[in-house]
Amino acid sequence: MSGQWLVKGARIAGGPDEPADILLDGGVVAAVGGGLSAPAGRIIEAAGLIALPGLVDLHTHLREPGREDAETVETGTRAAALGGYTAVHAMANTEPVADTAGVVEQVWRLGQQAGYVDVRPVGAVTVGLGGKNLAELGAMADSAAQVRVFSDDGFCVADPLLMRRALEYVKAFDGVIAQHAQEPRLTEGAQLNEGEVASRLGLAGWPAAAEEAIIARDCLLAAHTGSALHVCHVSTAGSVEIIRWAKSKGWQVTAEVTPHHLMLTDSLAEGYDPVFKVNPPLRTHADVDALRAALADGTIDCVATDHAPHPVEAKEAEWADAANGMTGLETALRVVQQAMVDTGLLDWAGVADRMSVRPARIGRVSGHGQPIALGGPASITLYDPAAGPEAVDPAIHASKSRNSPFAGMPLPGRVVATFLRGTATVIDGKVTR
Ligand SMILES: [Zn+2]
């Protein structure tokens, strides 16, 4: 589905107020303006649609190699394209762990073969995510996958000396350490945000301080080493305050928030349905408000899905035994519309910035996250904000897993089309192959 495409009358996020035509040809934006024609090209009538630069996810679990029962690179990247993404970062907690050049190159090649989005493997910080010895960061950076983001996500790099060494090491190749901030001793056996709801339900509390203590420590280490720290899935109001402080100092600290933490609270655990069990846990209304405000003012740089597919048996268990995690690629933009755009907190230019421009910059992804303009990459997403609202139905998702916390919830909007370097991966809300 490559060749010429003419998008007629879309509103370009961050562009002029009047709708414009966008001609995609040869992998680039070949023309932008009014009244364009393309005799040889296919035409998409885009009146009412928003054109965004292709979305970039800093935090995706594609599960391959090792857990192909939950997701594969093929199914996960198909889900990503349907969600409007053109690049995703694949987290390292696979089996085997992506802690060598061999494994990251394998994941990178699988992404190329699937062809839906650019897959950027994340390398593990420590061998086997064990938290004891630094992995071969340099070898992964030098590999064909050109890894720049390193994370033990799923686990915290709890040892402060190891964290310091990792931050120092990645400076040589402009890398970034993405930390899953969870003080392990403070969260032993933790099940749900520590507070009124967890007490009432008799679930072991997961204190906000366990996240905030690590973020504060790591901001200080980022400053001390002069290196780049990225904070994964910020979930508390206190974390926002610490990141705001670190940024005010000019330190290289960036942060992400998930769609589910922008929308959902711990009160959803009342029914003990493990679809709402996630790490970090859902928090309070006050936290949700603080996260939305921080994303709006740029303290939190971007939205990252933390798409975490699990097979049915891993989630249909007692709360305490169920796996942490939620799917998110196919609903992220719709959730952001409801939580941020329809509330007046962010305009579409802001959405382009927080879901494409900034995550591409943080992840060191070239060819993505650039404004839709003449000569720019033809990796774009067409979105209909007036569609719906329609209840989310995980049964029709391309992801191999069904653990969406938004199942049955009405959400606005619809991803109509996605283009990767001028090739349509999604047309009329369906993958093209
Ligand atoms: Zn995590």
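Biologist: Which residues of α9 are buried?

Modeller: This is a predicted model, to start with. The buried residues of α9 are D287, V288, A290, L291, R292, A294 and L295.

Biologist: And what covers the buried residues of α9?

Modeller: The cover includes helices α7, α8 (259-263), α11 (332-341) and α12 (348-362). Strands β14 (253-257) and β15 (302-303) are also among the covering elements.

Biologist: How far apart are the end C-alpha atoms of helix α9?

Modeller: They are 18 Å apart. Helix α9 has 13 residues, 285-297, so at 1.5 Å a residue it should span 18 Å, which agrees.

Biologist: What follows α9?

Modeller: G298 does. Its phi is positive, near 90 degrees.

Biologist: Let's switch to K247. Where is its place?

Modeller: K247 is in helix α7. Leaving aside neighbours within four places in sequence, K247 is in contact with V253, T254, G298, T299, D301 and R358. G298 is the residue that follows α9.

Biologist: What is the relative accessible area of K247?

Modeller: It is 24%, so K247 counts as partly exposed. Buried would need under 20%.

Biologist: How far is K247 from A87 in space?

Modeller: 26 Å, C-alpha to C-alpha. In sequence they are 160 residues apart.

Biologist: Now the metal. Which residues are the protein donors of the zinc ion?

Modeller: D153 through OD, H180 through ND1 and H233 through NE2. They lie 1.9 to 2.3 Å from the zinc ion. The spacing in sequence is D-x26-H-x52-H.

Biologist: Where do H180 and H233 sit in the chain?

Modeller: In loops, 53 residues apart. H180 is in the loop between β10 (176-179) and β11 (192-193). H233 is in the loop between β13 (229-231) and α7 (237-248). The pair links distant parts of the chain.

Biologist: Is H180 buried or exposed?

Modeller: Buried, because its relative accessibility is 2%. H233 is buried too, with a relative accessible area of 3%.

Biologist: Last topic, the largest nonpolar core. Which residues touch the most other members?

Modeller: L52, F150, L333, W348, V351 and M355. The core has 99 residues. Its largest share, seven residues, comes from α11.

Biologist: What is L52 in contact with?

Modeller: Beyond its neighbours within four places in sequence, the contacts of L52 include L333, W348 and V351. I372 is another of them.

Biologist: Which residues does the second core include?

Modeller: V7, I372, A378 and A417 are among its 20 residues. That core is separate.

Methods
Residues are numbered from 1 along each chain as its sequence is written. This is a predicted model: local features need pLDDT of at least 70, side-chain atom pairs count only at pLDDT 80 or more; totals for chains, interfaces and linings use all residues. Side-chain values use heavy atoms; hydrogens and water are left out. Donors are N, O and S atoms within 2.8 Å of the metal (3.2 Å for Na, K and Ca); water is not among the atoms, so sites may look incomplete. Helices (H or I, at least four residues) and strands (E, at least two) are DSSP runs, numbered from the N terminus. Buried means under 20% relative accessible area, exposed over 50%, partly exposed in between (1.4 Å probe, protein chains only). Contact means heavy atoms within 4.5 Å. The expected span of a helix is 1.5 Å times one less than its number of residues. A nonpolar core is a set of buried Ala, Val, Leu, Ile, Met, Phe, Trp, Tyr and Cys residues joined through side-chain atoms within 4.5 Å.
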